[in-house]
Amino acid sequence: MSAPSSFRAWWARQPPAAAAAVMATGIVSVGLHLAGYEVLSRIALVLASVVWVGLAADFVVRLVRERERWRADAGTPAAIAAVAATAVLGTRFSLLGWQTPAGALLALAAVLWPGLLVTVVRHWRRRMPGSVFLCCVATQGLAVLGATLAAAGTTRWLAHAALVLFWLGLVLYGFALYRFEPRQVLEGGGDQWVAGGALAISALAGSKLVAADSARMYLWKDDDLGVLRAVTAALLVLDLVWYAVLLVAEVARPRLRYDARRWATVFPLGMTATAVLSVAAALDVPWLEGPGQVLLWIAVAAWVAVTAGAALDLRAGLRSTAPR
């Protein structure tokens with residue numbers, strides 16, 4: 001079998017959760033941008049964009065040629081990661097000032113979101129892995145991108161739509177938490193971290209909504225803004241609690257073998273760092289910048305480790321399909 005054919009065979013075995021690679025790399029790019037490491041941020045953005053294009057092409061090919069497999073994958077919680085990945089990428093584009101492609105990605109994510117959300121929720125059962133929280137993540141991803149674009153273009157209606165998505169995301173988090181299997185904290189293959197990552201992206205959405213308010217675009221009354229700030233701060237605290245719990249669980253029961261679901265570990269790590277940095281600016285809490293920087297480099301280290309694991313997995317996959 002040729003190298004391209006071997007690569008295609010390896011790629012075909014990747015689960016829908018592979019979209020978390022775009023989410024993880026994209027949010028690391030956002031965090032590096034907020035911390036002032038622009039060159040590294042843009043390198044991560046290029047990598048995220050390349051993987052996103054590959055996943056988008058695969059999404060279309062499966063929809064056209066492998067309809068049954070596409071339907072089966074669409075019913076898994078990880079399927080909606082495509083929406084979150086698209087929203088994260090769009091957010092980074094917006095921060096670069098590329099509002100037109102960011103708006104196009106928002107439109108695409110918004111079109112995909114309701115159908116995938118309904119399909120995924122219909123397949124929920126009582127005990128679910130951490131990927132169950134991706135419904136919240138995808139919804140809050142739309143809120144983050146919407147609020148970011150609203151601030152860039154002083155678009156009031158988009159900010160209000162983002163606010164609705166923000167509250168809806170919190171409701172979805174509550175339903176997902178009810179379905180989550182607690183034993184996954186100790187037994188999960190990596191996606192258990194999304195339990196915290198969903199709160200982190202919720203806090204990021206809240207900070208973006210707070211930051212979108214300005215003299216040019218008066219959005220929230222003082223009481224509403226106070227509630228939004230308080231909820232955002234509370235979400236960040238809860239996220240950090242989850243972070244500590246999940247970290248202790250990893251130490252207590254190490255799971256060092258590579259798993260594609262480990263991208264769903266890197267994403268919450270990067271999202272927590274980004275949320276801390278964003279909340280520090282939006283809520284004017286400068287002392288959070290130091291911890292945010294520390295958390296960012298932890299996320300970068302995790303990204304490097306998982307990328308190395310993915311490369312080794314690809315190498316093994318190519319060898320297994322090579323002619324003998």
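Colleague: Which residues is Met23 in contact with, leaving aside its neighbours within four places in sequence?

Modeller: This is a predicted model, so read each contact as a computed one. Met23 is in contact with Ala81, Ala84, Ala85, Val88, Leu134, Val137 and Phe267, leaving aside neighbours within four places in sequence.

Colleague: Which members of the largest nonpolar core touch the most other members?

Modeller: Met23 is one of them, along with Ile80, Phe133, Val137 and Phe267. The core holds 108 residues. Helix α12, residues 263–282, gives the most to this core, with 13 residues.

Colleague: How do I read the packing of two helices?

Modeller: Two packed helices are described by the angle between their axes and the distance between the axes. Take α2, residues 20–35, against α12. Their angle is about 25 degrees and their axes lie 8 Å apart.

Colleague: Are α2 and α12 roughly parallel or roughly antiparallel?

Modeller: Angles under 35 degrees count as roughly parallel. The two helices are therefore roughly parallel to each other. Their crossing is left-handed. On the α2 side the contact includes Met23, Ala24, Ile27, Val30 and Leu34. On the α12 side it includes Trp263, Phe267, Gly270, Met271 and Leu277.

Colleague: What are the angle and the axis distance for α2 and α5?

Modeller: The angle is about 25 degrees, with the axes 9 Å apart. So α2 and α5 are roughly parallel to each other. The crossing of α2 past α5 is left-handed.

Colleague: Which residues of α2 and α5 meet?

Modeller: From α2, the list is Val22, Met23, Gly26, Ile27, Ser29, Val30 and His33. From α5, it is Ala81, Ala84, Ala85, Val88, Arg92 and Leu95.

Colleague: Where is Arg229, and what is it in contact with?

Modeller: Arg229 lies in helix α11, residues 222–252. At 32% relative accessibility, Arg229 counts as partly exposed. Setting aside neighbours within four places in sequence, Arg229 is in contact with Val210, Ala282 and Leu283. Arg229 and Ala282 are 53 residues apart along the chain, and their C-alpha atoms are separated by 8.8 Å.

Colleague: How many helices and strands does the protein have?

Modeller: There are 13 helices and zero strands.

Colleague: What share of contacts joins residues 24 or more positions apart?

Modeller: Take contacts with a separation of 6 or more: residues 24 or more positions apart account for 84% of them.

Conventions:
Residues are numbered from 1 along each chain as its sequence is written. This is a predicted model: local features need pLDDT of at least 70, side-chain atom pairs count only at pLDDT 80 or more; totals for chains, interfaces and linings use all residues. Side-chain values use heavy atoms; hydrogens and water are left out. A nonpolar core is a set of buried Ala, Val, Leu, Ile, Met, Phe, Trp, Tyr and Cys residues joined through side-chain atoms within 4.5 Å. Buried means under 20% relative accessible area, exposed over 50%, partly exposed in between (1.4 Å probe, protein chains only). Helices (H or I, at least four residues) and strands (E, at least two) are DSSP runs, numbered from the N terminus. Contact means heavy atoms within 4.5 Å. Axes are lines fitted to C-alpha atoms, for helices over the stretch in contact, and angles run from 0 to 180 degrees between N-to-C directions. Angles under 35 degrees count as roughly parallel, over 145 as roughly antiparallel, 65 to 115 as roughly perpendicular and the rest as oblique. A crossing is left-handed if the near helix is turned anticlockwise from the far one by less than a right angle, and right-handed if clockwise.
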